[in-house]
Structures are given as C-alpha cells and as structure tokens.
Amino acid sequence: MDRLIAMQVFVEVADQGSLTAAADKLDMSRAMVSRYLAELEQWVGARLLHRTTRKLSLTSAGSDTLPRCRQMLDMAGDIQSSAAAPENTPRGTLRLTFSMSMGQTYLVPLLTRFLKRYPGTAIDMLMVDRTVNLIEERVDLAIRITNALDPNLIARKLAVCHSVVVAAPSYLAEHGTPKTVEDLALHNCLTYSYFGKSLWEFEKDGAPIAVPVGGNMSANESSVLLEAAVCGAGIALQPLHAASGLLHDGRLRALLGEYRPRELSIYGVYASRRQMPAILRAMLDFLVEEFSADSGWEAPVN
C-alpha cells in the first residue's frame with residue numbers, strides 16, 4: 001500500500017464529505033477510494049470513518065488521525081519542493097492567518113513587497129478574528145498580538161505593540177475629557193471582545209493600574225471600534241499604529257498621556273522548526289526587518 005496516497009485519500013474524503021466526491025476530485029474510482037481507506041484503517045488499527053447511507057463522519061480515531069495525515073502530506077510536499085529547487089530559494093505557497101484589521105491597515109502592503117522580492121512565491125491569507133489551530137487548518141504562519149503564547153507552538157517576536165486611548169473631538173465636546181484613568185468609568189468605552197473587554201490595564205510611574213470599563217458597543221474587530229470612535233461613539237483603546245493617521249489629522253485625540261497602556265507583543269507563530277521551508281524562513285526574516293524599520297510600532301504617544 002502507498003501510505004501517502006492512502007492518507008491523501010482519507011484527507012480528501014474527510015474534506016469532501018463523501019467517497020464519490022473524493023473519487024471525482026482525485027480522479028479515482030470509488031472502489032479504489034474504498035480500498036485505500038480500508039487499507040489505511042488496517043494499518044492504523046482502528047476505524048476512521050462512520051459510514052451510513054446518508055453521510056460520513058469521523059470516528060474518534062479518525063479525528064486524531066486526520067491532522068497527522070495532513071502533517072505527513074505537508075512534509076512530503078516540503079521534501080518534493082526542496083528536491084526541485086535550491087535549499088535556500090523561497091518558493092511555493094505560504095498560508096498565513098491574521099486579523100482583518102492588521103491585514104487591512106498594515107500587512108497587505110508588506111506582503112505585496114515580499115511577493116515582489118521573491119517572485120517564485122505565493123501567499124494564501126486567512127483573515128479571521130479567532131485563534132486558528134495551525135495544524136488542523138494547515139496554516140504555516142500566524143501573526144498574533146498577544147502576551148499569552150501557546151507553549152506548544154514556536155514564536156518569533158516581531159515588534160512591541162503600543163496602544164493609545166483615543167476619542168473624537170465631538171465626543172469630548174459633548175461628554176468632557178477624562179483627566180485620570182479612573183474617570184474612564186464615567187465614560188462610554190468601546191471594548192474589544194477578545195482583549196480588555198471589561199478591564200483596561202495601564203502603568204504610571206512604574207505602578208500598574210487596572211480600570212474597569214464599560215459601554216454600549218463592543219466588537220471582535222478592533223478596526224470597527226476605531227471607526228466608531230471617529231464617529232463620536234465613545235472612547236477606545238487602540239494600537240498606536242492603527243490610530244496614528246487619525247491622530248495626525250485631528251479626527252481623534254490621544255487621551256491620558258501620562259498613563260501608559262499595557263504593552264503587547266507581535267509574534268510570528270508557527271508549528272515546528274523541523275523541516276522549515278525556505279519560504280517560511282524568508283517570511284519571518286522579512287517581517288522582522290519590516291517591523292523593526294517602522295517606528296510607528298515602537299514610539300508611544302507622549
């Protein structure tokens with residue numbers, strides 16, 4: 001049995017949801033697909049699929065085996081790619097994931113420059129506002145702003161992400177300007193669902209300060225809250241890089257400058273150092289270079 005082909009068949013059946021659809025996609029007969037599945041199950045020593053007349057579903061063993069098969073197929077692809085090109089030449093497709101706001105405001109121009117530098121490469125972007133399982137969703141690299149890293153993943157630090165408290169002049173004219181962070185409790189604060197939804201953290205003179213906040217608008221996408229702040233909906237805590245243009249043209253004002261919001265770090269996160277493809281290594285080096293050259297991530301508002 002060609003175990004790699006059997007794994008490919010199993011992955012395709014799981015993705016397509018039926019043996020017939022997988023057979024069409026792989027240009028095989030349905031009988032051949034069934035044979036490969038049966039031989040893989042015999043090799044694994046467990047049933048991988050529940051088969052009924054209406055649908056297929058993964059067994060517990062199938063759920064455990066599927067991501068491992070994906071890994072094995074990716075590794076086989078890496079071996080083939082490395083044999084077909086010089087070891088240090090970036091080539092092929094890199095699957096990236098990051099938030100919609102980071103992609104729109106910052107990463108897309110960088111990735112365009114990467115593709116021009118390495119013409120043999122391509123990028124597949126997964127822009128979602130949730131934590132992606134890199135193995136299950138076959139993602140090569142995640143760009144994350146966090147201080148809580150998964151110990152099972154490899155992380156390379158790209159930059160420090162400073163934040164700033166902002167509001168539109170129209171909001172401040174109507175509701176007044178907070179003088180201390182404690183005053184935020186009296187204001188309508190626009191909160192991010194995945195970070196600091198009810199507690200904003202600051203530092204002043206080396207001492208940490210945590211302030212409970214609340215308001216009538218929250219979202220899982222920080223760029224939505226930034227636009228809401230521009231419209232005068234309330235006070236927002238935003239990445240400095242995202243807000244800097246709006247601060248410069250006066251559409252937003254920076255508040256509470258003597259208080260420093262809690263710093264976060266920006267990381268490139270990936271699953272394993274083993275058999276790292278040249279395109280992933282090149283992308284990490286490129287991002288470190290680009291982030292370090294952009295002072296907008298590093299310089300807090302005074």
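# A tour of the predicted model

Select S163. S163 touches L237, Q238, P239, L240, P261 and R262, leaving aside residues up to four places away in sequence. This is a predicted model, so keep that in mind at each stop. S163 sits in strand β7, which covers residues 163–167. Is S163 buried or exposed? S163 is buried, with a relative accessible area of 18%, and the cut-off for buried is under 20%.

**Stop two: the largest nonpolar core**

Now select L107, L141, I143, M283, L287 and F291. The largest nonpolar core has 28 residues, and these six touch the most other members. Next, colour the elements that build this core. β3 (92–98), α5 (100–117), β5 (141–146), β6 (154–161), β15 (264–270) and α9 (278–293) each supply at least two of its residues. Which element gives the most to this core? It is α9, with 8 residues.

Zoom in on L107. Leaving out residues up to four places away in sequence, L107 touches F98, M102, I143, L287 and F291. Then look for another core, which lies apart from the largest one. That core has 20 residues, and M7, F10, A23 and L66 are among them.

**Stop three: helix α5**

Select α5, residues 100–117. Follow the helix to L107, where α5 bends by about 60 degrees. A proline, P109, follows within four residues. Now compare the length of α5 with what its residue count predicts. At 1.5 Å a residue, its 18 residues should span 26 Å. The end C-alpha atoms of α5 are 24 Å apart, which agrees.

Which residues of α5 are buried? S101, M102, G103, Y106, L107, L110, L111 and F114 are.

**Stop four: the aromatic rings**

How many aromatic pairs does the structure hold? There are 3. Begin with Y106 and F291, which form a tilted pair. The centres are 5.0 Å apart, with 50 degrees between the planes. Y106 lies in helix α5 and F291 in helix α9, so this pair ties together parts that are 185 residues apart in sequence. Both Y106 and F291 are buried.

Move on to F114 and F286. Why is this pair edge-to-face? Its ring centres are 5.4 Å apart and its planes stand at 70 degrees, and edge-to-face means an angle over 60. F114 belongs to helix α5 and F286 to helix α9, so the pair ties together parts 172 residues apart in sequence. F114 is buried, at 0% relative accessible area. F286 also counts as buried, at 1%.

C189 is in no disulfide either: its nearest cysteine sulfur, that of C231, is 17 Å away. C161 is buried, with a relative accessible area of 2%. C189 counts as buried too, at 0% relative accessibility.

Terms used
Residues numbered from 1 in each chain as written. Predicted model: local features only at pLDDT ≥ 70, side-chain atom pairs only at ≥ 80, totals over all residues. Heavy atoms only, no water. Buried < 20%, exposed > 50% of the residue type's maximum accessible area, 1.4 Å probe, protein only. Disulfide = S-S within 2.5 Å. Core = buried A, V, L, I, M, F, W, Y, C linked by side-chain atoms within 4.5 Å. Contact = heavy atoms within 4.5 Å. Phe/Tyr/Trp six-rings, centres within 6.5 Å; stacked < 30°, edge-to-face > 60°. Expected span 1.5 Å × (residues − 1). Bend = angle between axes of the 7 residues up to and from the residue.
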